[in-house]
Structures are given as C-alpha cells and as structure tokens.
Amino acid sequence: MNNFPLIATDPDDPAYRLVTLVSTAQECDGVLALVHTVTDKDRHAGDLAPHLMVRQNGRWELTHRLRADHRASYQFHPFQGDTPGTTRADWLHVLDHARPDPHDTDPRLPARDGRHPSSVLSLPEAPAQPYVRRRAGVPRGRTIPRTVAGRRVDVHLPAGHDPGLGPYPVAVVLDGEMWGEVLSVGDTLDNLTADGAIPPTIALLLHTMGPGRPDDLSCNPAFVDLLADRLLPWAAEEFGATDDPRRTVIAGQSAGGLTAAFAAYRRPERFGNALSQSGSFWWPDETEFDEGSEWLTRRFAAEPRREARFYVEVGLQEWMLLTQNRHLRDVLTARGYDLHYQEFNGGHDYACWRGGLADGLAHLLGSPARTV
C-alpha cells in the first residue's frame, strides 16, 4: 500500500512542505480535491481550477505548498462531465458526494447528515492533539440524553460521578449533537480527566444545529438567559454541577464561538469562562443591523469590564474571520481581560477544533479557580 499524501520539504524554504494529494479514481472525467477552507476560499472567488487534480502516471495528482504546521481535513470528488460549479447548490452537491482518501493512514474525521467522513492531513509541526482519541485503560464516563426547557442536551458525566461529591465544574458545549454523537467528545473529556488536565467535569452538550440555530446563536439574550436560568440550575439540581461562574465554561465554534463570548458579556455571574473557536465576530452583516458589524466587540470596548476569562482561537486560513478575531483580541487586551489568544494554521474545521477544544478546557478549568 502506498503512503499518501506524498509530503516533501520545500527545497526553497524548510518551513513549508510540498503536499501531493493522489487519487486513483477510475472512470471519471476529473477529480476535485477539497482541502478544508483552502478550497472554500477559491470556491467563494468563483474559481475551482487550482483544485482540479491532474491525470498523470495512471493516477490523479495535485500539489499544494503548505506551511509545516498546517492541519486540514480533506476529501476527493471524482466527477463526470463539466467541472462542478461554485454556486451554493453546486457546492452542497459536492459536499454530499465527496469521499475520504482511500489511501490515508490516520483515523478519519466523522461527519453527520449522511455525508462521508474526511481524511485528515496533519503536517509535522501541527499542534499535538493528545486527547482526541479514545485511549485504552482510561476510566470511562457516561453520556445520557435529556430534554430541558424543550431543548435536547446530552450530559456527559465523569467516571465515578456522584452528585453528593459535587459541586462539579460544568462545561456547556454548543452544537452538542456534533460533539457528542459524531465526534465522541466524551473520550476527550475522559482523557483530560485521567491526565489531571481538568478536574472531573460535567459537560452539557446542547443541541443547537437545528432550524433555530441562526436565531439562537446570534447574540440572543433570551437564549443565553435560558442557559443561565434554566439549564445550569437544572444541572446543579440533577447532577451536582457548580453554580460558581469561575468553574463554569461555555464553548462554541463559529456562531457558537460568538455566542460563548456573548454569554460571558451578558451573564458573567453565570458564565465566567468563554471558549471561542473561529468565532463569527463579524456579526451582524452591515445590511441587517443599523449599528453595523462587529457589534459584540464594540460592546466590550464601550462598556464596563466583566468578570470573565476568555480562550479565543482562530485559523490563519479563515480569511472571513481572522481580522475580526484579532480586533476582539485587541479590545479584550486593552480592557484588561484575562485572555488566552492563539492562531492555528488551519481553517473552519473540526479537525482543528477538536484539539483546540481540549486545550481550551484545560486552560480554563485546569488551573485553580480564582477571582478574575
């Protein structure tokens, strides 16, 4: 079995790698290589030509020059006839049919909604992700489904959980149906706990990927108040979760990252720690809101400092988010917030986020609770 992709050091710059993707697909007119966010950027620009593989030596090949710390999920889409279009409908069709690299060697990234998993490209200097996969010999927690205030939440309880031994730190994780059912974040939590990176923690994996997502995850006071006034008290009563904001984290990605930061802004007496990954801090679109874009960042700049800590990360490939996340960083720093900010070399991608979520939880929960 050949080892693909082919990875070689760039002879002109050892900080980069020449990554040759290889497909052995047959009976097709072309193959489109999808490298998460890298391909999306050109698709948004209306040009997929840089991502069409070339037929040579009886197989399809395409070489990317990527920095040695790059991580990305990727897939191949063999097609018949014309090159796929770049409209939203065309792209959804591509995503529905793209498949992982059949020659990959690393574990794949699972998908939902009937789509195929992705292969994962992790170049040699990409950040380590020691917590994301299930380990043998680690005490296992358990995940139980519940409904609170009409909302589905999967509760991951740490190994040996006993409500009488609480109060336990608590992490509210948005898009819980992805993190729990698809990505098995319970394994990550169990690994973190076993290594002493976090104390035994109750995770509330809240389902937010349904039709109501655009409304819930857009700096919605009613949604955050529901979490603060219904979900957290329920978890305290049922499972012994803490009511201490210093030991409470809310975590989210994309619009969820925006919402995590908004929760710390609106209800810092309940959410003392916000973990934002690739947060949509551009919100709202200037055409949708009279006050203009980056509403939350401007609120942090204009209003009194909250008692909250922040872990914020964004990908260097996220051309639609990077500037706005840096702006939030600058504002939080200027206002004296306790902030850990980092940029990873990747995109809007669970292949990156699953490692960052573990690192963020360890940073926010692993140190002794303190007044911020």
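Gln253 has a bridge partner in S13, and that partner is Gln277. This is a predicted model, so please hear every value as computed from it. The two strands, S12 and S13, pair in the parallel sense over five bridges. S13 covers residues 273-277.

Strand S10, residues 170-174, is joined to S12 by four bridges. Those two strands also run parallel. For a position to look at, take Ala171, which stands opposite Val249 in S12.

Is strand S12 buried or exposed? Six of its six residues, 248-253, are buried, so S12 is largely enclosed by the rest of the structure. Look at both faces here. On one side you have Thr248, Ile250 and Gly252, and these are buried.

Next, the antiparallel sheet. Three strands form an open sheet, in the order S3-S6-S7. The pairing is antiparallel. S3, residues 30-35, and S7, residues 119-122, stand at the edges. Each has a single partner strand, so one side of each is left without a neighbour in the sheet. From one strand to the next, the twist averages 30°.

Let's take the S3 and S6 pair. Six bridges join them, and the two run antiparallel. S6 spans residues 71-79. Leu34 stands opposite Gln75 in S6.

Two helices go with this sheet. Helix H2, residues 88-97, lies across S3 and S6. H2 runs at about 90° to S3. Helix H10, residues 350-365, packs on the sheet and touches S6 and S7. The direction of H10 makes about 160° with that of S6.

Let me stay with H10. What span should its 16 residues have? At 1.5 Å a residue, they should span 22 Å. The end C-alpha atoms are 21 Å apart, which agrees. As for burial, 13 of the 16 residues of H10 are buried, so this helix is largely enclosed by the rest of the structure. The N-terminal end of H10 is capped by Asp349. A side-chain oxygen of Asp349 lies 2.9 Å from the backbone nitrogen of Ala351.

On to a single side chain: Arg306. You'll find Arg306 in the loop between helix H8, residues 295-302, and strand S14, residues 309-315. Why does Arg306 count as buried? Its relative accessibility is 17%, and the cut-off for buried is under 20%. What does its side chain reach at 2.9 Å? The backbone oxygen of Tyr265. There is also a polar contact of 3.1 Å between the side chains of Arg306 and Glu303. Leaving aside residues up to four places away in sequence, Arg306 touches Ala264, Tyr265, Pro268 and Tyr337.

Last topic: backbone geometry. As a reminder, most residues other than glycine have a negative phi, and most peptide bonds are trans. Here are some exceptions.

Cis peptides to begin with. A cis bond joins Gly166 and Pro167, with omega about 5°. Pro167 is in the loop between strand S9, residues 151-157, and S10. The peptide bond from Trp283 to Pro284 is cis as well, with omega near -5°. Pro284 has its place in the loop between S13 and H8.

Then positive phi. Glu27 has phi near 55°, a positive value in a residue other than glycine. Glu27 sits in the loop between strand S2, residues 16-23, and S3. It is exposed, with a relative accessible area of 76%.

Ser184 also has phi near 55°, again a positive value in a residue other than glycine. Where does Ser184 lie? In the loop between helix H3, residues 176-182, and helix H4, residues 185-194. At 32% relative accessibility, Ser184 counts as partly exposed.

Methods
Residues numbered from 1 in each chain as written. Predicted model: local features only at pLDDT ≥ 70, side-chain atom pairs only at ≥ 80, totals over all residues. Heavy atoms only, no water. Buried < 20%, exposed > 50% of the residue type's maximum accessible area, 1.4 Å probe, protein only. Pairing = 2+ DSSP bridges. Axes fitted to C-alpha atoms, helices over the stretch in contact; angles between N-to-C directions. Contact = heavy atoms within 4.5 Å. Polar contact = N/O pair within 3.5 Å; in protein donor to acceptor, adjacent residues only side chain to side chain. Expected span 1.5 Å × (residues − 1).
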